[in-house]
Every structure is written in structure tokens, then in C-alpha cells.
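Here are my notes on the pockets, for your next pass through the coordinates.

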Amino acid sequence: RGAVTRVLGAPGKLPVEGARVVAGAGVDEPFPELVLAAAAALPSGVRPEDAEGRLDLRHLPFVTIDPTHARDFDDAVVVESLEAGRARVWVAVADVSHYVGAGTELEAEAQHRGCSLYLPDRAIPMLPPALSAGTCSLVPDEDRLAMVVCLEIDESGRIVDQSAAAALIHSHGRLDYSGVAAALRGDFRGRRAGYLDHAAQLDALREVAATLRGRRFGRGALDLDLPEAEVVLDGDDPGRVRDIVQARPDRPIRQAYNLIEELMIAANEAVGRLLQNAGVPTIWRT
């Protein structure tokens, strides 16, 4: 015997199919009131006591680079040029752990959800919007708490020094992949005029990423350049799916993606080495 607990609607409609996927994942889209209250009670900005004991990196011109329609900004990057062809790369990730403590309502709900869910018409975050799109989002022109990995890289792409720390950063720009791709080929027309301020930094990031990529492929990495499924919504009825097509970004945009991909891989590998060297048990993804 069973009981009907919820009626989602007629199959085939985008809102209904989205609700079916979410229900199948065991997630309720609205957050429980206790969780929303816990998020609302947290500070919306960085307080002096939050910054104590952290590296102050606000002078570095960090930028975020994400898809055009990204809803939150989890990571930021910056590179410094050193002598003898070396570079110092900083990779920052929003320090969620500062706000989501062990054993709290927020942590329990995040564990229940497991991840953020991205649907064709919306995203369902793992954390309430006050955190996911606010305090823990590396939005431009705001101080934010982050965990950072610092990599010193020689001209051959070898990591010669690495460290990790809790830090205070300040994003100097919210960039997107198509804008970065245009800037890297010298196109600063129209709305991309603002990318001129970041042109030198983007060139330096591209150079470092290309060096890292060459070294990674030299040791046997695979390039899985696979198309993704793109859901095309009806222009007159956004609740109706018109088609599902194979989508593959063009070469310049792929290069912009690769720029961030290489830095994130290098940062993850560095964290792995740091944990391994310290004898800290951790979860590995191969």
C-alpha cells in the first residue's frame, strides 16, 4: 500500500519535470525555516574578528571567471610575475566552513542536499541564498573570506613551492568565459571595454595555464573534449522544452575554460600533496 504525498502536475512540462528530478533526489526546494533563520543570523559582510589570523590579500587583483549566467561565484584567481620567468599563482575558494559550523542546522541541511542542483531554468543551492549568493559568494568589490592555495611555478610548469592558508580577499572583477575569450584575442568592443583593465592579468594567467597544461599532458593526461547536452527552452513558453541539442563551445571559449581548469587542477593537486605530506586522511578523486 502507498499514499500520494504530492501531485507534481502533467508530465512533459519543464516545471513538473524539474520538480520530479528534485523530488527523486529527496530534496525539498524551499529551505526549512530553522535553516533560513540560521543563515539570516550570520553577518552579511566581513567583521574585524572574522579577519583575525588571516592573510590579507586584498591588494591583489583577484578576479572570478564563470559562465555568463552563473548564479554564484565560488573561486577567484590572480597571478604575480616573479624573476627568472617564474610566476606566483593564487587560487582562492570561498571559505564556507567559517560560516557553516559542524553540528549546525546549516551543516545538516547541506549534508542532506549533498550539492547544488542545476536545472535548465534555475538552480537549487546547497546553502540558503543568503550564503550561496551572498556572504559566501566572491562578488566583486566586496571583502570576502577565502581559503587560498599559493603556487610558485617555474618556466617549465613545475611547482617549486606551495602553501595553503585562510585569507581575506577582494574580487576586482566578475568576468565571464566569452568576455575572457574575446579579451584574449584583443576584442574590447562594447561591453567588453571593461576587460581592458584586466588584459595584462588575463595574458599572464593564459601563459601560466598553457605551461601547466603542457606539463600535465606531457605526463599522460587525457583531453576529454566531449559535447554537453543543452536544453533549449521555447521562446514564447519558457516552461516548455523545445529541443535538447549537443553543445560544444568554440575554440576561444574552450581556451578560456581551460585557463581556469588548469589552475583549479594545479590547486587541487597541491592540496593533495600538502595533505599527504602531513599524513592527514582525506578523500581522493581520481
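1. The model is predicted, and the lining totals use all residues. Please keep that in mind when reading the residue counts.

2. The largest pocket has a volume of about 1900 Å³. Its lining consists of 48 residues, and those nearest the centre are Pro67, Tyr177, Glu228, Pro249 and Tyr257.

3. H7 provides the largest share, at 13 residues.

4. Sorted by class, the lining of the largest pocket holds 26 nonpolar residues, 17 charged and 5 polar.

5. For the second largest pocket, the volume is about 1500 Å³. There are 38 lining residues, with Val93, Met264, Asn268, Val271 and Arg285 lying nearest the centre.

6. Which element gives the most to the lining of the second largest pocket? Strand E4 (87–94), strand E7 (143–153) and H7 each contribute at least two residues, and H7 gives the most, with 11.

7. The class make-up of the second largest pocket's lining is 20 nonpolar, 9 polar and 9 charged residues.

Technical notes
Residues are numbered from 1 along each chain as its sequence is written. This is a predicted model: local features need pLDDT of at least 70, side-chain atom pairs count only at pLDDT 80 or more; totals for chains, interfaces and linings use all residues. Side-chain values use heavy atoms; hydrogens and water are left out. On a 1 Å grid over the protein atoms alone, a cavity is a set of points where a 1.4 Å probe fits but cannot get out, and a pocket is an open set with protein on both sides within 12 Å along at least five of seven lines; lining residues have an atom within 4 Å of a point. Grid points are joined across faces, edges and corners, and a volume is the space filled by probe spheres set on the points. Helices (H or I, at least four residues) and strands (E, at least two) are DSSP runs, numbered from the N terminus. Ala, Val, Leu, Ile, Met, Phe, Trp, Tyr, Cys and Pro count as nonpolar, Asp, Glu, Lys and Arg as charged, and the others, Gly among them, as polar.
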